[in-house]
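Biologist: I am new to this one. Please show me the structure, and then let us go through it by question and answer.

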Amino acid sequence: MVGDTASLERTIQESDIAAFADLSGDYNPLHTDTGYAASTPFVRPIVHGMLLGSLCSALVGMQLPGKRCLYLSQSLRFKKPVYAGDTVAVHGTVEAKSAV
């Protein structure tokens, strides 16, 4: 229903980053190489932005509004890096609903 809200939290593990790299083919050393990341302002490997974005898909497809729904667009802006071991939260509110 319009106005419904939901959220999920996930602690990102190093194994999540490795699995996402395998699935996506994105082995950028900023995500996968501890030695390289140490030479950057991030100091440690950072989580792939699209891995974080995929949590939105989990929220929409499983909780809000739930199974058998589909969302059509997403806009992301990353304010700070996320590292393995960090817990992230995704929150959503149903603003509109349409039947296909």
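Biologist: Of the contacts with a separation of 6 or more, what share joins residues 24 or more positions apart?

Modeller: This is a predicted model, where local features need pLDDT of at least 70, side-chain atom pairs count only at pLDDT 80 or more, and totals for chains, interfaces and linings use all residues. Residues are numbered from 1 along each chain as its sequence is written, and side-chain values use heavy atoms, with hydrogens and water left out. Contact means heavy atoms within 4.5 Å. For residues 24 or more positions apart, the share of the contacts with a separation of 6 or more is 70%.

Biologist: In what order do the elements run from the N terminus?

Modeller: Helices (H or I, at least four residues) and strands (E, at least two) are DSSP runs, numbered from the N terminus. The chain has four helices and two strands. From the N terminus on, their order is β-α-α-α-α-β.

Biologist: How far apart are the end C-alpha atoms of helix H4?

Modeller: Helix H4 covers residues 49-62, which is 14 residues. The expected span is 1.5 Å times one less than the number of residues. That gives 20 Å, and the model agrees, because the end C-alpha atoms of H4 are apart by 20 Å.

Biologist: Leaving aside neighbours within four places in sequence, what does Leu52 contact?

Modeller: Leu52 is one of the buried residues of H4. With those neighbours set aside, its partners are Ile12, Val47, Phe78, Val82 and Val88.

Biologist: Is His48 buried or exposed?

Modeller: His48 sits in the loop between helix H3 (34-38) and H4. Beyond its neighbours within four places in sequence, His48 is in contact with Ile17, Phe20, Ala21, Asp26 and His31. Its relative accessibility is 1%, so His48 counts as buried.

Biologist: And Glu9: buried or exposed?

Modeller: Glu9 lies in strand S1. Neighbours within four places aside, Glu9 is in contact with Thr87, Val88 and Ala89. Its relative accessible area is 63%, so Glu9 is exposed.

Biologist: Which peptide bond is cis, with omega near 0°?

Modeller: Most residues other than glycine have a negative phi, and most peptide bonds are trans. Pro65 is in the loop between H4 and S2. The cis bond runs from Leu64 to Pro65.

Biologist: What is phi of Val43 near?

Modeller: Val43 is in the loop between H3 and H4. Its phi is positive, in a residue other than glycine. The value is near 70°.

Methods: Buried < 20%, exposed > 50% of the residue type's maximum accessible area, 1.4 Å probe, protein only.
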